[in-house]
Amino acid sequence: MTRGTTNPNRLRRMDRWIAATLGAALRRADDPVAVDLGYGAAPWTAVELLARLRTVAPATRVVGIEIEPARVTAARPYERDGLAFRHGGFEVPVPQRPMLIRAANVLRQYDETEVAAVWRRLCGRLAPGGLLVEGTCDEIGRRHVWVALGPEGPRTVTLATRLGSLEHPSDLAERLPKALIHRNVPGEPVHAFLRDFDRAWAAAAPYASYGARQRWIRAVRDLRADWPVTDGPARWRQGEVTVAWEALAPRG
Ligand SMILES: C[S@@+](CC[C@H](N)C(=O)[O-])C[C@H]1O[C@@H](n2cnc3c(N)ncnc32)[C@H](O)[C@@H]1O
């Protein structure tokens, strides 16, 4: 049995981004099902995902899926309208094709060589217009990095952080998802990206007097000259930045 570490509010940054990115598609879907895959030893993240997605798409239902049967038994008392818990794994045992599969802090327990096949399998379960969000964060959710994938494969990488506690953007390196964390070495794109982000952050130091948020926004604007940033100031203000996957994908 693997550790089931989780925490209330741990995944709020990821939930917020999913609600903003997928809200319209969830509203359009006939049966908007979202899966919280590997929710852990307590059901908090699934409960919160339901609440946050229902603010943008009230018909959303969430199914929490866990590979450890005892964690399913422990979660069952929290079932309610729109929230169910099931035993299972990457086969994603729900009858529908989900609009969302969120796997947070799950693949970190697997080998890097397994990631591509797991991604393909999970992407193959998505509804048209659906999203797989797979990533990692610290225990209390101050630092997150996740990859978003459509049915066709990886699209973007998002870094999200509590700005007040950030010394350098490369502080997020220890939260890179499994596909990237071993690639933070010279010669790999993700290493060059974090190096450039640190440089842009250092150059934006004068903006710190207006607050860390202004400094982050300035640094991301600079970064955009060399990296395919796909989002804009409304997201940067939240301490986020999203970059096209191809720019950070491992070489070879
Ligand atoms: C570290 S916990 C993460 C909990 C929660 N997602 C979070 O981020 O706070 C990882 C959980 O993933 C579960 N897990 C690992 N492999 C899985 C799989 N193939 N399918 C479903 N759950 C899995 C483990 O049993 C564990 O409870």
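Predicted model: local features only at pLDDT ≥ 70, side-chain atom pairs only at ≥ 80, totals over all residues.
**Stop 1**

Start by selecting the strands of the open sheet. It has eight of them, in the order β3-β2-β1-β4-β5-β6-β7-β8, and the pairing is mixed. Now colour the two edge strands, β3 (83-87) and β8 (240-244). Each has a single partner strand, so one side of each is left without a neighbour in the sheet. On average, neighbouring strands here are turned by 20° against each other, direction ignored.

**Stop 2: β5 and β6**

Stay in the sheet and select residues 131-137, strand β5, together with residues 143-150, strand β6. These two strands pair in the antiparallel sense, over six bridges. To check one of the pairings, pick C137. Its bridge partner in β6 is H144.

**Stop 3: α2 on the sheet**

Next select residues 44-56, helix α2. Which strands does α2 lie across? Show β1 (33-37), β2 (61-66), β3 and β4 (100-104): α2 lies across these. Against β1, the helix runs at about 155°.

**Stop 4: α1 against α2**

The crossing of α1 past α2 is right-handed. From α1, show D15, R16, A19, G23 and L26. They meet E48, L49, R52, L53, T55 and V56 of α2. Colour this contact by class and you get five nonpolar, two polar and four charged residues.

**Stop 5: α6 against α7**

Move to helix α6, residues 189-203, and helix α7, residues 212-223. Their axes come within 8 Å and cross at roughly 130°. α6 and α7 are therefore oblique to each other. This crossing, too, is right-handed. For the contact, select D196, F197, A200, W201 and A203 in α6. On the α7 side, pick R215, A219, D222 and L223. By class, the contact of α6 with α7 holds six nonpolar and three charged residues, with no polar ones.

**Stop 6: around the ligand**

Finish at the ligand. How many residues are around it? There are 23, and G4, T6, G38, G40 and G89 come nearest. Colour the shell by class: eight residues are nonpolar, ten are polar and five are charged.

How values were computed:
Residues numbered from 1 in each chain as written. Pairing = 2+ DSSP bridges. Helix = DSSP H or I, 4+ residues; strand = E, 2+ residues; numbered from the N terminus. Axes fitted to C-alpha atoms, helices over the stretch in contact; angles between N-to-C directions. Contact = placed C-beta atoms within 7 Å. Left-handed = near helix turned anticlockwise from the far one by under 90°. Nonpolar A, V, L, I, M, F, W, Y, C, P; charged D, E, K, R; others polar. Near = placed C-beta within 6 Å. Parallel < 35°, antiparallel > 145°, perpendicular 65-115°, else oblique.
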